[in-house]
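Open the model in your viewer and keep the selection tool at hand. This tour moves from one selection to the next.

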Amino acid sequence: MKTSRWRDWAQWFWAFAGSVSIRTKIFGIVLGSTLLLSVAFTLQFRAVQIRLLEQKAREQGVSVARDVAARATDLILINDLYALHQLLLETQSNYQDIRYIFVIDPQGEVLAHTFGDEFPIELLDANWAAGDDFQNTRVLQTNEGMVWDVAVPIFDGRAGVARVGVSDTSLRQTITNLTTQLSVTIVAVLTASLLAATFLTWLLTRPILALVSATEAVSKGDFSQRVPRWADDEIGDLAEAFNQMTAELARADELQREREQLRRQLLEGVIAAQEDERRRIARELHDSTSQSLTSLMVSLRNIEAVCEKPQLLEQVTNMRQVLSQTLDEVHNLAVQLRPAALDDLGLEAALGRFVQEWQRQHRIQADLTVHIGENRLPEIIETAIYRIVQEALTNVARHAQATSASVLVHHRQRDVVTVIEDDGIGFDPGTVSANGHLGLLGIRERAELLQGRMTIESAPGKGTSVFVSIPLLTPEENGEIT
Ligand SMILES: Nc1ncnc2c1ncn2[C@@H]1O[C@H](COP(=O)(O)OP(=O)(O)OP(=O)(O)O)[C@@H](O)[C@H]1O
Ligand SMILES: [Mg+2]
C-alpha cells in the first residue's frame, strides 16, 4: 500500500518534470535549492543563536545574583534594609534584561525587592538555593515572556537568598531582528538567483531552441540548415555533430536527386524509344505488310474469277478467307501498336476507337467520357493517357470479371484527370507486389514521369477505380523539373 503510494508519487513527479520546459526545470532547480538552503540556514542559525543568547542570559543572571549576594551580606547583617533596597535598584538599573531582584531572609521573609508597591507572592516558592548551592536557576513562564530565575545563597544561606530574574525580552528582540535581516538577505539572494537563472536558461536554451527549429526544418527536407557553435561545451559538440549530420544528409540528398534524374531520363528514353519503335512497326505493317497482303488478295480474287477447276477454286477461296483474316489481324496489331488516330485525330478519337473495339472484343459494356476542350494536349501526355487507359482496360478484361467499365478523361484546372472504373471483383492494392506485375507499375511510372500521380481505390468485391492525375506544366516548369 505504502510502496504503491510512493510509486504513484514518483510517477506523478516524473510525468510533471517531463512535461515542463527546460526553462521551468532550471528555474525550479535554482529557486528550490536556494529557498531550501536559505530556510535551512536561517532555522539552524536561529537555533544556535537562541541557545547562545539563552546561555548568556543565564550567565548574566548568575553573575548578577552572586554579585548582589556578596554585596548584600553586610547590609543584611547590620539590618540596613534601605541600603539593601538601594543596592537592588541600582543593580537593576545597570542591566537592561534584569526584570527583578529581591532578597529573602532564611525564614522566607522578603527583605527588599524591586517590584515597587506590590510583591508577587507566588514568586517566593518558584525557586530556592540551599546554603551549599552555588546557584539554582529555574525557567519561569510569565505573562510577559520567559524569565530565568537565579537563586544564590547569601553568606552560605545564613543571611538568606538573593533572587534575580532575567527576562528574554532583549533576546527575543535580537532574534526577531536577526530573522528579519536574514529574511531580507534571503529575498535579495532569491532575486539574484532568479536573475542568474534567467540568464542561465537563456544561455542554455538558446542553442537548444535553435537546434530544435533547425531539426524541424531538416525533417521537412531542408538540408541547408546549420547551427552556430555557441560554446565549447556538450551543446557545442551537439551543434557540431548536427552540422555534420545535415551536411551528410545534403550530400546524400544531392546524390539521390542525381540518381532520380538519371532514372527519369533513362525511363523517358526507353518509353520514347518504345513509342517510336511501335510507331515504326505499325507504319511498316500498315504501309508494307498490309499493302502486300492486299495486292495478294486482289491477285487471288483475279485467279478466282478466271479459275475453272472447282477443286482449285475452293482452295483459292479458302486462301482468300485466311488472307482476309490475316489482314484484319495485321490491321488490329498495327492499331494496337500505335493507333494512327492518336497522331492524326487526337486522344478522344483514338480512345473512342479503342474502347469500342475493346467492348466488342471482350463483351463488356464500356462508357467513355472525354472533357479536354478544343486544344489538343501535348503529345507526350496524350500518349501516356492512351497507354494508361489501354493497360487499365486490359486489366479489367483479364482480372476483374466485370460487367461494365467506364473511362473518364477530364481537364480540371491545371490537371488532366483520368479515371478507369469497373464493377468487377476488385482486389487489395496493398498486397500487389511488383514481381511479375508490371501493368500498374507502368501506369504509375508514366504518371510520375510527367509529375503526376496514380491512386487505386479497390477492395475485394467492391470493383476497382484507377485515378491518374497529370499536371499540364508550362515549358518553363517542365524545364525546371527535367
Ligand atoms: N481492374 C482490376 N480488377 C481486379 N484485379 C485487378 C485489377 N487491376 C489489377 N488487378 C490485380 O492487380 C494485379 C496487378 O496488376 P498489374 O497490371 O500490375 O499486373 P498483371 O496484370 O498481373 O500483369 P502485367 O504485368 O501483364 O500487367 C493483377 O494481377 C490483379 O490481381
Ligand atoms: Mg496488367
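Start at a turn. S9 and S10 form a hairpin with five residues between them. Select glycine 461 in that turn: its phi is positive, about 85°. Strands (E, at least two residues) and helices (H or I, at least four) are DSSP runs numbered from the N terminus.

A word on the model before going on: it is predicted, local features need pLDDT of at least 70, side-chain atom pairs count only at pLDDT 80 or more, and totals for chains, interfaces and linings use all residues. Residues are numbered from 1 along each chain as its sequence is written, chains are lettered from A and ligands numbered from 1 in the order in which they are written, and side-chain values use heavy atoms, with hydrogens and water left out.

**The hairpin and its sheet**

Stay with S9 and S10. They run antiparallel and are joined by six bridges. Pick isoleucine 456; opposite, in S10, stands valine 466.

Now widen the selection. Two strands pair if DSSP finds at least two bridges between them.

S6 and strand S7 (residues 404-412) run parallel, joined by seven bridges. Select histidine 371; its bridge partner in S7 is histidine 410.

Axes are lines fitted to C-alpha atoms, for helices over the stretch in contact, and angles run from 0 to 180 degrees between N-to-C directions.

**Ligand 1**

Which residues are closest to ligand 1? Asn395, His399, His437, Leu438 and Leu440 are, out of 15 that surround it. A residue counts as near if one of its heavy atoms lies within 4 Å.

Look for polar contacts, pairs of N or O atoms within 3.5 Å. Glutamate 391 has a polar side-chain atom 3.2 Å from an oxygen atom of ligand 1. A side-chain N or O atom of aspartate 422 is 2.9 Å from a nitrogen atom of the ligand. At leucine 438, a backbone N or O atom lies 2.6 Å from a ligand oxygen atom. Alone, ligand 1 exposes 590 Å², and the protein buries 83% of that; areas come from the Shrake-Rupley method with a 1.4 Å probe.

**Across to the other domain**

Zoom out. The protein is divided into domain 1 (22-180) and domain 2 (347-482), bounds that come from an automatic or database domain assignment. Their centres, taken over C-alpha atoms, are 107 Å apart.

Find the open sheet S2-S1-S5-S4-S3, five strands with antiparallel pairing. Strand S2 (110-113) and strand S3 (136-142) stand at its edges with a single partner strand each, so one side of each has no neighbour in the sheet. The twist averages 20° from one strand to the next.

Select S3 and strand S4 (residues 145-154). Seven bridges pair them in the antiparallel sense, and a hairpin joins them through two residues. In S4, alanine 151 is the bridge partner of asparagine 136, and valine 147 that of leucine 140.

Notes: A polar contact is a pair of N or O atoms within 3.5 Å; within protein, one must be able to donate a hydrogen and the other to accept it, and residues adjacent in sequence count only if both atoms are side-chain atoms.
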